[in-house]
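Visitor: I have a new model open and would like to learn how to read it feature by feature. Could you walk me through it?

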Amino acid sequence: MFEKLLKKVRIQINKLFRKAINRHQRKLIKNNDLTLISSNCTGCLMLHDLGLRYNSPFVNMFINADDYIKLLKRFSEYMQQSLQCIENTDSEYPLVALGDITLHCVHYKSFEEVVEKWNSRKQRMNLENCFVIFTDRDGCTYEHLKTFDELPFKNKIVFTHKEYKDISSSFYIHGFEEQDAVGALQAYKGWNGVRIYDEFDYITWFNEN
């Protein structure tokens with residue numbers, strides 16, 4: 001009982017501190033019209049914290065590593081395809097096919113909602129001001145990391161649970177060394193509103209590229 005109460009108090013304290021952090025960071029961001037492609041919710045939560053519009057349909061969903069790399073290798077081709085509902089699954093959220101890629105739409109209530117948001121956000125994409133985020137979870141292997149590192153996207157980053165000196169696009173997130181991958185990077189590190197992904201200076205990354 002005490003642990004549950006302590007957890008609730010910690011969450012509320014972190015939310016209060018986070019509001020102050022977000023207000024400060026929103027004054028620092030200069031690149032206000034960027035497009036962010038992310039393999040999971042890490043990217044959209046960064047945008048949410050910064051108060052930026054979602055200029056990408058890859059929001060509130062995740063894509064396993066194999067499919068994500070496949071998507072990025074032939075991005076233009078996949079973005080010309082229509083979404084298809086994957087029927088007869090036991091999933092609690094909509095599973096949607098983009099060609100032979102599966103989108104796990106964890107924060108959507110229906111396929112119709114996915115299509116509506118996808119189409120409106122897709123129209124706002126600007127690949128001239130594009131940033132790509134990947135993490136070493138959801139089935140990611142060293143081969144996926146190497147392939148990602150070689151992709152012709154100017155601005156790309158992959159968050160990893162250990163250091164990879166030969167992966168130039170990797171950023172080592174501390175605290176997951178005993179695990180097989182990074183955890184939920186939007187989680188709070190302590191009681192001061194700092195998220196795990198704040199270890200990476202994404203505001204400077206957005207502003208200077």
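Guide: Please keep in mind that this is a predicted model.

Visitor: How do I read one of them, and what does the pair D49 and R18 tie together?
Guide: Look at the distance first, and then at where each partner sits. The side chains of D49 and R18 form a salt bridge with 2.9 Å from N to O. D49 belongs to helix α2 and R18 to helix α1, so this bridge ties together parts that are 31 residues apart in sequence.

Visitor: Are D49 and R18 buried or exposed?
Guide: Both D49 and R18 are buried. For R18 the relative accessibility is 2%, and since buried means under 20%, R18 counts as buried.

Visitor: Where do D100 and K70 lie?
Guide: Their closest N and O atoms are 3.7 Å apart, and the two form a salt bridge. D100 lies in the loop between β3 and β4 and K70 in helix α3, so the bridge ties together parts 30 residues apart in sequence. D100 is partly exposed, with a relative accessible area of 48%, and K70 is partly exposed too, at 25%.

Visitor: Now for the overall fold. How many helices and strands are there?
Guide: The chain has seven helices and seven strands. Read from the N terminus, the order is α-β-α-α-α-β-β-β-α-β-α-β-β-α.

Visitor: What does the radius of gyration tell me?
Guide: The idea is to compare the value with what a compact globule of this length would have. For 209 residues that would be near 17 Å, and the chain has 17 Å, which agrees. The C-alpha trace spans about 45 × 40 × 35 Å along its principal axes.

Visitor: Which residues have the most contacts inside the largest nonpolar core?
Guide: L103 and F206 do, in a core of 59 residues. F206 sits in helix α7 (residues 202–208) and, at 0% relative accessibility, counts as buried. Leaving aside neighbours within four places in sequence, F206 is in contact with I29, N31, L34, L36, M46, L50 and F131.

Visitor: How should I read a single helix?
Guide: Start with its geometry: an α-helix has 3.6 residues a turn, so residues three or four places apart point the same way. Then mark the buried positions. In helix α3 (residues 65–73) these are A65, D67, Y68, I69, L71 and L72. They pack against several elements, including β1 (35–38), α4 (75–79) and α6 (142–150).

Visitor: What is worth checking in the backbone angles?
Guide: N60, in the loop between α2 (42–50) and α3, has a positive phi near 60 degrees. D138, in the loop between β5 and α6, also has a positive phi, of about 55 degrees. N60 is partly exposed at 22% relative accessible area, and D138 is partly exposed at 28%.

Visitor: To finish, which residues make the nonpolar surface patch?
Guide: L5, L6, V9 and W191 make a patch of about 350 Å². L5 lies in helix α1 (residues 2–28) and is exposed, with a relative accessible area of 53%. For the chain, the accessible surface comes to about 11,500 Å², of which 50% belongs to carbon and sulfur atoms.

How values were computed: Residues are numbered from 1 along each chain as its sequence is written. This is a predicted model: local features need pLDDT of at least 70, side-chain atom pairs count only at pLDDT 80 or more; totals for chains, interfaces and linings use all residues. Side-chain values use heavy atoms; hydrogens and water are left out. Patches are made of residues with over 30% relative accessible area and no salt bridge: like charges are joined within 9 Å, nonpolar side chains (Val, Leu, Ile, Met, Phe, Trp, Tyr) within 5 Å. Accessible areas come from the Shrake-Rupley method with a 1.4 Å probe; for residues, only the protein chains shown count as cover. A salt bridge is a side-chain nitrogen of Lys or Arg within 4 Å of a carboxyl oxygen of Asp or Glu. Helices (H or I, at least four residues) and strands (E, at least two) are DSSP runs, numbered from the N terminus. Buried means under 20% relative accessible area, exposed over 50%, partly exposed in between (1.4 Å probe, protein chains only). The radius of gyration is taken over C-alpha atoms; the globule rule is 2.2 Å times the number of residues to the power 0.38. A nonpolar core is a set of buried Ala, Val, Leu, Ile, Met, Phe, Trp, Tyr and Cys residues joined through side-chain atoms within 4.5 Å. Contact means heavy atoms within 4.5 Å.
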